[in-house]
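Visitor: Please take one part of this model and examine it closely, and then relate that part to its surroundings.

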Amino acid sequence: MPRPIQYKVYKIPKRNGRGVRTIAQPTEVLKVMQRMVLDSYLKGLPVHDCATAYRDGISIKENATEHLNSKYLLKMDFSDFFPSISPSDLISHLERHRGSVVREDAYAVKKIFFWTIKKDPLLKLSIGAPSSPFISNTLMYEFDCKISDECTHLGVRYTRYADDLTFTTNTRGALFGLPDIVNKVCTEIAYPKLKINPEKTIFSSKGNNRHITGLVLTNDNKISLGRERKRYFRSLIHKYSLGELSSEDTYALKGRLAFAKHVEPTFYNSVIQKYGAELIASIMVFQISK
């Protein structure tokens, strides 16, 4: 099946620096169609409370905050999360929660929400489509229900931010059996067919570096941006103060500082004290001229 012309496909480096991630960006027309069908046909499908990504009013800070005041941490990660989700998964999910799906609707679901690359007949969920976040969250409902129930029995707190699974507890040893449980649930659920990336299964405890979706849990039970990120933000502010930051980089810094203000207000206040309220305010109101 040829690649649909409605997608612009490009690759970006993965955060770990190993390999690239394929992004399929829908055209503006297709994005409008995806949003319309999402709002009229898919919204209302269940999403578990433990799913913290792509939800209004919830960010990586809220996800990390769920795990404060815990001594022990386990992080796990799926391999190729979005690309592992297929049209048949969504159709099966619709049939489970809405009843039978007529052939025309099944065909429309495939055409609107999924894409494929040349020489690959498998349709997959796009990284880059506005509809993909909700679809991934609702398709993980059965998985989240099963894992959440297991964790409740073990006295473990569980959240899932897209493909990042986080488990915390104050009970020594309670996390050690969870990788086997997660792998078992992956094989038991009807859809989607997912695999854990064993290289990203990490155990940690209080006193060590504990990171959740890019944020740091400090030993005094606070959420932090982390030393490296704060050092980087300061370096950008310094460059801006010298007039050495481009318009694009300044606009990006504005977003970074808004993020810092939300996650760690004390750091935001510290840069105001160091660089001056006027300088920081000029960044926060910066707009790129059209």
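Guide: Leaving aside residues up to four places away in sequence, Phe 134 touches Leu 38, Leu 42, Lys 43, Gly 44, Leu 45 and Val 47, where contact means heavy atoms within 4.5 Å. The model is predicted, so local features need pLDDT of at least 70 and side-chain atom pairs count only at pLDDT 80 or more, while totals for chains, interfaces and linings use all residues. Residues are numbered from 1 along each chain as its sequence is written, and side-chain values use heavy atoms, with hydrogens and water left out.

Phe 134 belongs to helix 5, residues 132-139. Helices (H or I, at least four residues) and strands (E, at least two) are DSSP runs, numbered from the N terminus. With a relative accessible area of 16%, Phe 134 is buried; buried means under 20%, exposed over 50%, and partly exposed in between, with a 1.4 Å probe and protein chains only. From Phe 134 to Asn 269 there are 135 residues in sequence and 35 Å in space, C-alpha to C-alpha.

The next subject is helix 10, residues 265-275. Its buried residues are Phe 267, Tyr 268, Val 271 and Tyr 275. Seen down the helix axis, these fall within an arc of 100 degrees, so they line one face of helix 10; the arc is that of the directions from the helix axis to the C-beta atoms. In general, an α-helix has 3.6 residues a turn, so residues three or four places apart point the same way. On the face turned away from the buried side, helix 10 carries the exposed residues Thr 266 and Gln 273. The buried residues pack against helix 8 (227-241), helix 9 (247-263) and helix 11 (277-284). After helix 10 comes Gly 276, with a positive phi near 100 degrees.

Two of these neighbours also meet one another. Helix 9 packs with helix 11 at an angle of about 110 degrees, and their axes are 8 Å apart. Axes are lines fitted to C-alpha atoms, for helices over the stretch in contact, and angles run from 0 to 180 degrees between N-to-C directions. Helix 9 is therefore roughly perpendicular to helix 11; that term covers 65 to 115 degrees, whereas under 35 is roughly parallel, over 145 roughly antiparallel and the rest oblique. From helix 9, Thr 250, Leu 253, Lys 254, Leu 257 and Ala 258 meet Ile 280, Ile 283 and Met 284 of helix 11. The residues of this contact divide into six nonpolar, one polar and one charged. Here Ala, Val, Leu, Ile, Met, Phe, Trp, Tyr, Cys and Pro count as nonpolar, Asp, Glu, Lys and Arg as charged, and the others, Gly among them, as polar.

Four of them form an open antiparallel sheet in the order 6-7-3-8, where two strands pair if DSSP finds at least two bridges between them. Strand 6 (157-161) and strand 8 (202-205) are the edge strands, each pairing on one side only. Strand 6 joins strand 7, residues 164-169, in the antiparallel sense over five bridges, and Arg 157 stands opposite Thr 168 in strand 7. Helix 6, residues 141-154, lies across strand 6 and strand 7 and runs at about 155 degrees to strand 6.

For the whole protein, there are eleven helices and eleven strands, and 45% of the 290 residues count as buried.
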